[in-house]
Amino acid sequence: MLPVFGSSPDQEQVEKFKTSPQYNHQERRFVNRLPQVLEQMRKEAFNFATIKEWLFEGEARTPAKPLPEVKPDLTEFLKASEQVKVIWFGHSTFMLNFSGKIILVDPVFSGSASPVGFMVKRFQPPVLQLEELPPIDIVLISHDHYDHLDMETMKFFAKKNPKFIMPLGVGSHLRGWGVKAESITELDWWQSKIMDGVEFIATPAQHFSGRGVSDGNKTLWASWVIRNQQHNIYFSGDSGYDTHFKAIGDKYGPFDIAFIENGQYNQKWRAVHQLPEESVQAYFDLKAKRFFPIHWGMFVLSLHSWRHPVDELLRLSKERGVNIVTPKLGEIVAVGDSYRNSEWWSELD
């Protein structure tokens with residue numbers, strides 16, 4: 001099997017999964033709270049009509065010109081601050097300065113989010129190359145899909161040896177790509193781990209996993225709470241809307257900021273990618289103070305226009321009083337009340 005497909009968990013790991021409430025022993029796969037939600041979605045989504053839509057329909061799925069970006073001043077980013085600092089690289093990749101610890105989330109720095117380079121290509125190169133990044137303390141992964149877990153990026157970090165944290169089973173891919181086993185922590189939903197004074201809590205999501213044709217749901221998917229005594233933030237990973245957002249908000253909220261997926265959606269696959277109005281409801285369920293939209297602005301994985309997610313979110317934010325944070329690629333955001341948005345995407349009309 002090609003290395004890009006990754007490695008499935010071995011028998012010893014599978015035995016450990018059997019203690020997880022998310023693991024179906026008979027099917028040897030992880031499941032959602034609603035076990036049939038994926039089967040129901042696939043009956044509706046995977047058919048000739050969808051293929052026809054993908055090939056021949058949809059408008060302006062890629063921007064007509066490069067998105068505006070800012071080359072970040074890393075000296076400024078690394079300065080000590082009472083606020084969390086964020087740099088967004090597009091889609092679901094972002095970097096945090098979290099009380100002095102540098103955390104890189106779902107890093108995808110290669111040219112495409114696909115096992116083959118000519119598919120799902122980036123809109124434009126990353127605003128920073130891997131070699132330009134500051135030393136990374138912790139790499140956080142939500143699940144093993146190509147737009148969230150990138151082999152070339154992981155091989156780069158295997159030589160740098162940060163700490164890695166991810167849901168159950170995902171570490172099998174990293175070990176196959178050269179990451180040291182002792183650098184990897186895998187968690188089940190509601191489990192937590194303190195690393196360098198920062199607590200990471202794996203929380204539920206409604207999604208699926210797999211990188212090849214026969215490894216579907218062999219690894220777990222998750223959202224994440226990242227917190228210490230000063231800060232409390234949430235990262236949704238990929239997820240359809242379900243009751244877990246309220247459960248997480250009730251248990252761990254309110255959050256200073258929530259990084260919530262808002263893009264690559266479609267009515268046919270809303271079970272695993274929520275629609276904008278559902279993302280806004282998730283924001284309220286989580287009791288978040290700010291909404292930072294992710295999962296948009298770098299890859300084409302749906303039929304909507306590239307800017308539809310942020311246009312819809314802006315409209316909904318005005319209707320429902322949502323405090324959104326929508327920086328340019330590479331812009332340093334200090335999470336606080338002084339940040340002011342600009343509708344930079346309107347400049348591309």
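Reader: At what angle do helix H7 and helix H8 pack, and how far apart are their axes?

Author: Good place to start! In this predicted model, H7 (residues 244-252) and H8 pack at an angle of about 25°, with their axes 7 Å apart.

Reader: What makes H7 and H8 count as roughly parallel?

Author: Set the value against the cut-off. Angles under 35 degrees count as roughly parallel. The angle here is about 25°, so H7 and H8 are roughly parallel to each other. Their crossing is right-handed. On the H7 side, Phe-245, Lys-246, Ile-248 and Gly-249 make the contact, and on the H8 side Ala-282, Asp-285 and Leu-286 do. By class, the residues of this contact are four nonpolar, one polar and two charged.

Reader: Which residues bring H8 and H9 into contact?

Author: From H8 come Pro-276, Glu-277, Val-280, Gln-281 and Phe-284, and they meet Glu-312, Leu-313, Leu-316 and Arg-320 in H9. Sorted by class, this contact has five nonpolar, one polar and three charged residues.

Reader: How do you know that helix H5 is largely enclosed by the rest of the structure?

Author: Count the buried residues. H5 covers residues 151-158, and six of its eight residues are buried, so H5 is largely enclosed. Those buried residues are Met-151, Thr-153, Met-154, Phe-156, Phe-157 and Ala-158.

Reader: Why does His-273 count as buried?

Author: Here the test is relative accessibility, and buried means under 20%. His-273 has 10%, so His-273 counts as buried. You can find His-273 in the loop between strand S13 (257-261) and H8.

Reader: What makes a polar contact of His-273 with Glu-261?

Author: The distance is one part of the test: the N or O atoms must lie within 3.5 Å. The side chains of His-273 and Glu-261 make their polar contact at 2.9 Å. Leaving aside residues up to four places away in sequence, His-273 also touches other residues, among them His-207, Asp-238, Tyr-265 and His-295.

Methods: Residues numbered from 1 in each chain as written. Predicted model: local features only at pLDDT ≥ 70, side-chain atom pairs only at ≥ 80, totals over all residues. Heavy atoms only, no water. Contact = heavy atoms within 4.5 Å. Helix = DSSP H or I, 4+ residues; strand = E, 2+ residues; numbered from the N terminus. Nonpolar A, V, L, I, M, F, W, Y, C, P; charged D, E, K, R; others polar. Buried < 20%, exposed > 50% of the residue type's maximum accessible area, 1.4 Å probe, protein only. Polar contact = N/O pair within 3.5 Å; in protein donor to acceptor, adjacent residues only side chain to side chain. Axes fitted to C-alpha atoms, helices over the stretch in contact; angles between N-to-C directions. Parallel < 35°, antiparallel > 145°, perpendicular 65-115°, else oblique. Left-handed = near helix turned anticlockwise from the far one by under 90°.
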